[in-house]
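Biologist: I am new to this structure and would like to learn how to read it. Could we go through it step by step?

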Amino acid sequence: MTGVRCALMRGGTSKGAVFVADDLPSDPARRDALLLRIMGSPDARQIDGLGGAHPLTSKVAVVSPSDDPDVDVDYLFLQVAVDRPSVSASQTCGNMLAAVGPFAIERGLVPAADGSTEVRVRLANTGALATLRVRTPGGVVTYAGDTEVTGVPGTAAAVEVVAVPTGKPLFPTGHEQDHLADHDVTCVDNGMPCVVVRAEDLGVTGAESPADLEADDALLHAVRRIRAAAAEAMGLGSDLDSMTVPKIVLVAPPAAGGAVLTRSFIPERVHQAIGVLAAASVAAALRAGGSVAHGLADLPADGDPLRIEHPTGFLDVNVDGAATSVVRTARLLMDGFVHPGPERIRPTDLEEIL
Ligand code: NQM
């Protein structure tokens, strides 16, 4: 058999290649060089690889058995840039996380129970923990079900995700509101470093399409300035090209019965929905009395889900103390061997050819 063992999976509203860590080179530089070839980067169309020419479909999850007795698997998320030769571990991804549970069971890393199976995951990028509940009737993962995730056609089996952050400060600058790059912002990290900004302060309504926002040069300029200032203020560093955080989330009053309307820059392209942990971070900002988002949100009663509106629908976030839970679905799209280049390679050759 030639190629690298790989599954292509959808997790929530994201899609990417999923690997067992042992099937990839152990050295991060060699691993990343291989992943660029596998995903087809750098190339705007990723025509020679698995990537889907958008950050949301150019993702990689690396899964390994955990050393921690309270955790089943470690999950390392890697964002493969589309048109730059860059692979970044600077963020995790709560959407691909939904695929990690089924994958770990499929590959025998976690034994399946009859009915549903709990998979405890350590998010290696951030140190956070998550518990996933995966449907496994008869001890076999099923992807079929009647749960709908807006932004994904059809229905599939639910994967319940409960994420518990690291215990680091929710507001990394020490304030619920800051004035950065001439704008009032809230820097918040409830699993994903985000900068919440009122859409109207940037001259937009927040109801624009992702394409319209991406075509607005003045807006992109303001977003870049805010991101640079916030990255410093949040202690994330100044090398913006090598990281995909913080995300800039524009907020506006809800337009469809939810708590708030959002558009997220991740960080250059605009999300077609919203990241799971970005939504958890926005939810935390909405509840903080001093944040820029508090006054414009329509907050539900305590205990009710908080509905975050986004370009293709909504994401319901349940907050219980520090834990955030959401319902996602996932799907196995392909399981096999990926060929990282035109030459045939055996998995045992990997360390030598790179
Ligand atoms: O915030 C996209 C996504 C994400 C991240 C991004 C995510 C999260 O929706 O948890 O899931 O922000 O790059 O896949």
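This is a predicted model: local features need pLDDT of at least 70, side-chain atom pairs count only at pLDDT 80 or more; totals for chains, interfaces and linings use all residues.

Modeller: Residues are numbered from 1 along each chain as its sequence is written, and side-chain values use heavy atoms, with hydrogens and water left out.

Biologist: Which residues make up domain 1 and domain 2?

Modeller: Domain bounds come from an automatic or database domain assignment; here domain 1 covers 4-165 + 329-353, while domain 2 covers 178-320.

Biologist: How many residue pairs are in polar contact between domain 1 and domain 2?

Modeller: A polar contact is a pair of N or O atoms within 3.5 Å; within protein, one must be able to donate a hydrogen and the other to accept it, and residues adjacent in sequence count only if both atoms are side-chain atoms. Between domain 1 and domain 2 there are seven such residue pairs, both residues being at pLDDT 80 or more.

Biologist: Which polar atoms lie by an oxygen atom of the ligand?

Modeller: A polar side-chain atom of asparagine 95 lies 2.7 Å from a ligand oxygen atom, a polar backbone atom of leucine 277 is 2.7 Å from an oxygen atom of the ligand, and for a backbone N or O atom of alanine 278 the distance to a ligand oxygen atom is 3.0 Å. Taken alone, the ligand exposes 350 Å², and the protein buries 100% of that, with accessible areas from the Shrake-Rupley method with a 1.4 Å probe, where for residues only the protein chains shown count as cover.
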